[in-house]
Amino acid sequence: MSTLDVKVPGIGDFKDVPVIEVHVKPGDTVNAEDPLVTIESEKATFDVPAPAAGTIREVKLKVGDKVSEGTSVATIEAGEAPASAKAAKPAAPSPAPAAEEEPSPPRAAPARAAAEPEAPAPPASGEGASPASAPAAAEPAPEARRAGGAPPHASPSVRKFARELGVDLGTVTGSGPKGRILQDDVQRTVKEAMTGGARGPGLSLLPWPKVDFEKFGPVERRPLGRIQKLSGPNLQRNWVTIPHVTQHDEADVTDLEDFRQALNREHAKDGVKVTILAFVMKACVAALKVHPELNASLDGDALVLKRYFHLGFAADTPNGLVVPVLRDADRKGVLDIARELGVLAAKARDGKLGPADVQGGTFSISSLGGIGGTAFTPIINAPEVAILGVSRSATRPVWNGEAFAPRLVLPLSLSYDHRVVDGALAARFTTTLSGILGDMRRAML
Ligand code: CAO
């Protein structure tokens, strides 16, 4: 038997990140990958997993402690853990489609949550938003406790922001993951106070209907998964705060499909399988170069155009939706993209994505083509400004000027942030993309 000193693994540039949950105590038995503690940076929440099965000897952290890479978490006496040992817990780090970059404070821009352990949905970032630089970290001020005694959940930068404005966080309703209070929530509270609580027509919503479902028939109550809990509030924020419009288009991929199949035959022995998604990624990079406004983020009054091409892709996993990011897609060929897609998708399915795997996306793709459907409205992954939905290709009769010919047609659905992208630009983008998919040689231009 050996004793393992578990330390916080590489967590990107994050330092002094607060511990928000401790899952184990001395004497507990754990399986490999069971979460020991959960830490939460400005942009992400993720678990530090047990490196091996065994018995917890010592837990070196408590809620509120701040950690960086290398901080000791616990010691484990390695050995076989009973099958029951916390086996149902999720593996870590398990990024949810949260936001990585938070929306900047003074604007109503959506922040994405969970996708990064930043994932899909963090609150607004901003000056001094780094946990290290912000004072008053995890310990909420006593006056900021809620009626039930639970402290409001907010990042250090949001606490600082609230203190500066004299806002008691106990009076603010959080819209982030697990009810976390975001900078936008503090601003909304101030705005409502300044306008005498007057509400606009937008979000004066009726309460959610309360229904006793069992009155109508038998039901099963199934708790939401961890990733769903993280990504839900982010999806909701993105949906209600970004004015979405979806532009539908199609691409003739008949020739591309012949090429794809030939490529797969050639590489059958290499274990690389190229799906149309790899080509769509390559084509998106080429189209984004032509229309850089879609490879961008809204930041206050400015549009930040990214000169790098990190493409997120929605992956369906047993634990829920996650959005791994394939970096530098512009510098990779289709075969390398296909290989990396396979690796990232497998990591996503196994709950093994790390923070770096889900951060930094500039544009996302959601492909449901392997499943079916003809069109859908994907939700933008804030703070990106557009996302491409891909549905299942089908052979259709297409008029070629003289006759109907059978052509393989791929449906495309581009959702875009109408504050940044207007309809004409969106139509130009999908037209460009469709042209490239129709003749991939255009990706070289
Ligand atoms: N049209 C027709 N067939 C398609 C297709 C399309 N647009 N896209 C994929 N296919 C085919 C593939 O060629 C493959 O066929 P074979 O099994 O015959 O080789 C099959 O469908 C399955 O493909 P795949 O899904 O394994 O691979 P992918 O590269 O297309 O996608 C991934 C990878 C990870 C994106 C996908 O598995 C996935 O998780 N998709 C769901 C994404 C999602 O949930 N989006 C919604 C987000 S909002 O809730």
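How far does a backbone N or O atom of Ser391 lie from a nitrogen atom of the ligand, and what is that distance in Å? It lies 2.9 Å away, which makes a polar contact (a pair of N or O atoms within 3.5 Å; within protein, one must be able to donate a hydrogen and the other to accept it, and residues adjacent in sequence count only if both atoms are side-chain atoms).

## About the model

This is a predicted model, where local features need pLDDT of at least 70, side-chain atom pairs count only at pLDDT 80 or more, and totals for chains, interfaces and linings use all residues. Residues are numbered from 1 along each chain as its sequence is written, and side-chain values use heavy atoms, with hydrogens and water left out.

## Around the ligand

Let's look at who holds hands with the ligand. A polar side-chain atom of Thr275 sits 2.5 Å from one of the ligand's oxygen atoms, and Lys273 has a polar side-chain atom 2.9 Å from a ligand oxygen.

In all, 20 residues surround the ligand (each with a heavy atom within 4 Å of it). Thr275, Asp316, Ser366, Ser391 and Ser393 are the closest.

## A look at Asn295

Now over to Asn295. This residue is buried, with a relative accessible area of 0% (buried means under 20%, exposed over 50%, partly exposed in between, using a 1.4 Å probe and protein chains only). A polar atom of its side chain lies 3.0 Å from the backbone oxygen of Lys306.
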